[in-house]
Amino acid sequence: MSTEVKTITNAKERIYLYDNVKCLAIILVVIGHAINYLTDFDGYTLEKGMYVMIYSFHMPLFLFVSGLFLKPMNAETKFPKYKILAFVLIGLVLRMITAVVRICTGLPPVYATFEIYDTYTWFMWAMAVFTALVWAFR
């Protein structure tokens with residue numbers, strides 16, 4: 001009996017630059033939210049400048065990096081309905097989890113189906129729309 005370990009020869013090597021860019025973007029999101037929560041924006045301040053700078057590019061950066069991992073589409077590619085449905089369902093599940101957490105902490109849940117009031121739902125809806133757009137413009 002042979003105990004050789006088979007290796008996958010067609011696996012792509014991980015590109016750590018993308019991991020580092022995503023990590024930087026997440027850190028900037030945390031800093032931006034902390035600035036927004038902890039400061040009072042009366043007039044121009046350094047904190048307000050940092051907040052505006054971070055919010056001017058961090059979500060487009062997330063969308064760009066996410067788009068890098070989208071499989072290429074050509075004229076024969078079928079509409080990616082399951083991928084789009086997955087993004088929408090993930091957003092809805094996250095919204096339900098948020099409602100449960102709000103109820104458990106004594107806050108009233110927010111009931112708004114198509115209103116985007118949280119970042120992660122916005123991101124999931126945006127990924128669904130952008131995936132459909134990539135397919136449409138393939």
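Mentor: Leaving out residues up to four places away in sequence, T131 touches L70, M73, P80, K83, I84 and F87, where contact means heavy atoms within 4.5 Å. This is a predicted model, in which local features need pLDDT of at least 70 and side-chain atom pairs count only at pLDDT 80 or more, while totals for chains, interfaces and linings use all residues. Residues are numbered from 1 along each chain as its sequence is written, and side-chain values use heavy atoms, with hydrogens and water left out.

T131 sits in helix α4; helices here are DSSP runs of H or I with at least four residues, strands are runs of E with at least two, and both are numbered from the N terminus. T131 counts as buried because its relative accessibility is 1%; buried means under 20% relative accessible area, exposed over 50%, and partly exposed in between, with a 1.4 Å probe and protein chains only. A polar atom of the T131 side chain lies 2.7 Å from the backbone oxygen of M127. The cut-off for a polar contact is a pair of N or O atoms within 3.5 Å; within protein, one must be able to donate a hydrogen and the other to accept it, and residues adjacent in sequence count only if both atoms are side-chain atoms.

Two of the residues that T131 touches, I84 and F87, are among the buried residues of α3, together with V88, G91, R95, T98 and A99. Helix α3 has 24 residues and reaches 34 Å from its first C-alpha to its last, close to the 34 Å expected at 1.5 Å a residue; the expected span is 1.5 Å times one less than the number of residues. Just after α3, G106 takes a positive phi of about 85 degrees.

F87 and M127 also belong with F62, L63, F123 and A128 as the residues with the most contacts inside the largest nonpolar core, which has 13 residues. A nonpolar core is a set of buried Ala, Val, Leu, Ile, Met, Phe, Trp, Tyr and Cys residues joined through side-chain atoms within 4.5 Å. The elements giving two or more residues to this core are α1 (16-38), α2 (46-68), α3 (81-104) and α4 (119-136). Helix α4 gives the most, with five residues.

L63 lies in helix α2 and counts as buried because its relative accessibility is 15%. Apart from neighbours within four places in sequence, L63 is in contact with W122, F123, A126, M127 and F130. L63 and F130 are 67 residues apart in sequence, and their C-alpha atoms are 8.7 Å apart in space. F62 also touches F123, along with K22, A25, I26 and V29, again not counting residues up to four places away.

Rings of Phe, Tyr and Trp (its six-membered ring) pair if their centres lie within 6.5 Å; planes under 30 degrees apart count as stacked, over 60 as edge-to-face and the rest as tilted. F79 lies in the loop between α2 and α3 and W135 in helix α4, so this pair ties together parts that are 56 residues apart in sequence.

A search of the whole structure finds two aromatic pairs. Y51 and Y55 form a tilted pair, 4.5 Å centre to centre and 35 degrees between the planes. Y51 and Y55 are separated by about one helical turn because they are four residues apart in helix α2.

As for the whole chain, there are four helices and zero strands. Buried residues make up 21% of the 138 residues. Of the contacts with a separation of 6 or more, 63% are between residues 24 or more positions apart.
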